[in-house]
Amino acid sequence: MEQSSFFDARGGEPLATRMRPRTLEEFAGQRHLLGPGKVLRQLIDSDQVSSLIFWGPPGVGKTTLARIIAHRTRASFIDFSAVTSGIKEIREVMQQAEQNRRFGEKTILFVDEIHRFNKAQQDAFLPYVEKGSIILIGATTENPSFEINSALLSRCKVFVLNALTAEELCGLLRAALQDPRGFGGQEVRIDGSLLEMIARFANGDARTALNTLEMAVLNGRRKGSAVTVDRELLEQCTSKKSLLYDKNGEEHYNLISALHKSMRNSDPDAALYWLARMLEAGEDPLYVARRLIRFASEDIGLADSRALEIALAAYQASHFLGMPECNVHLAHAVVYLSLAPRSNAVYTAYEAAKRDALTMLDEPVPLALRNAPTALMKELDYGKGYLYAHDTQEKVARMECMPPSLAGKRYYFPTGLGSEARAKQKLEAVLAFRAGGGQAEQAPPPDSAPAGKEKG
């Protein structure tokens, strides 16, 4: 019996093509769409699929899922590329779909990168989608709200496909090592930590993960019928150093702690180093961005409220672009946050309020602060004693808003740093006014509250 070799490429197809899932059971990821009872899974199982748009990053299975749907629903499948096709090709495909319909056969037209079609090309699909000649499945990496005509988009259901997790990619890689379509039957020696390294490098892209594994195995060290892939070889294949990092273990928390504390200590250089350690090891940039958003309010707060805007903008940029392009946006935010004025007054204020909320009795809301939308509530004195701050010259009412047991209790103690100095000055003036006793000077009452507004 002739033994297959590592160079028997099964017709020259790359590993990612050979390992393309054939069934929903083999399909990795997207459990939020394809898990038991989920909408898309029910549509497929009941053969009720209508025109769809799959929106997601590269390598998450948009084309594969369309092929599986065509097979499950016993429909003719036409693969169409928006990059190489125009109006002429669209009309030819539509004629073929019309012939299929006359013979009672459904046609699924899969359009890859549908966002690359111009308005006229997209409009050419409309009449055929409307009369059911085709079931259109479009794939796009761009936001369909911006890139697909509203008329066409309104006739399609949009499903968002997510980047695969490292665990899902590791499962794909292990399957490729065992499946006869991959390296099954061959003796491939590769440590599990190296599969995790490939998964991190692929950053959610199954195609990249499988192609990297194939390159590593084909260039591995051979001894007899076995091939060994070591860390040094894999680093050459990925052109990246394998950094010490475990996204689910202690080192993950050590590094994010180092980043946070470096920024808190106003050390942008150290913060940038720890940021690079995380991103280059494969950390999810959105995780880092979320931590920056937290830092902006915990460690800076009202000393520079723009810090929160910068952190949120960095999150949005990371969501739109992904790695590696978003690394500069995260670096931008890290440097800004490192050099911004410091205040943890908002953080400590909430923690103090939380302690009271958790340990004290659940006191009722004072009557003065309750709304009285019904006559019965007014009879029960809901809203009695409420002072409308806008009716005073100072725009502040001398009214206790705390429950009785906490009257006069303070949580927020602003610093005099940065923009929080203005908040401190304002708060001190308000406290002094409220401590003055008596009734705040009232402005003449308005004839009526503004339309749609109720005092309270």
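Before you start, note that the model is predicted, so local features need pLDDT of at least 70 and side-chain atom pairs count only at pLDDT 80 or more, while totals for chains, interfaces and linings use all residues. Residues are numbered from 1 along each chain as its sequence is written, and side-chain values use heavy atoms, with hydrogens and water left out.

**Stop 1**

Helices (H or I, at least four residues) and strands (E, at least two) are DSSP runs numbered from the N terminus, and two strands pair if DSSP finds at least two bridges between them.

Click on Arg222 and you will find Val227 of β8 opposite.

**Stop 1: the largest pocket**

Now select Pro57, Ala163, Ser318, His319 and Gly322, which lie nearest the centre of the largest pocket among its 44 lining residues. A pocket is an open set of points on a 1 Å grid over the protein atoms alone, where a 1.4 Å probe fits, with protein on both sides within 12 Å along at least five of seven lines; lining residues have an atom within 4 Å of a point. The space is about 1400 Å³, a volume being what is filled by probe spheres set on the points, which are joined across faces, edges and corners.

Colour α17 (306-321): this helix gives the largest share of the lining, five residues.

**Stop 2: the second largest pocket**

Select Gly59, Val60, Gly61, Thr64 and Arg207, the residues nearest the centre of this pocket, which has 25 lining residues. The volume is about 520 Å³. Elements giving two or more residues to this lining are α1 (15-18), α4 (62-72), β4 (135-140) and α12 (206-218).

**Stop 3: two helices**

Finally, show α16 (285-300) with α18 (327-339). Their axes, lines fitted to C-alpha atoms over the stretch in contact, with angles from 0 to 180 degrees between N-to-C directions, come within 11 Å and cross at roughly 20°. That makes α16 roughly parallel to α18, a label for angles under 35 degrees.

Terms used
Parallel < 35°, antiparallel > 145°, perpendicular 65-115°, else oblique.
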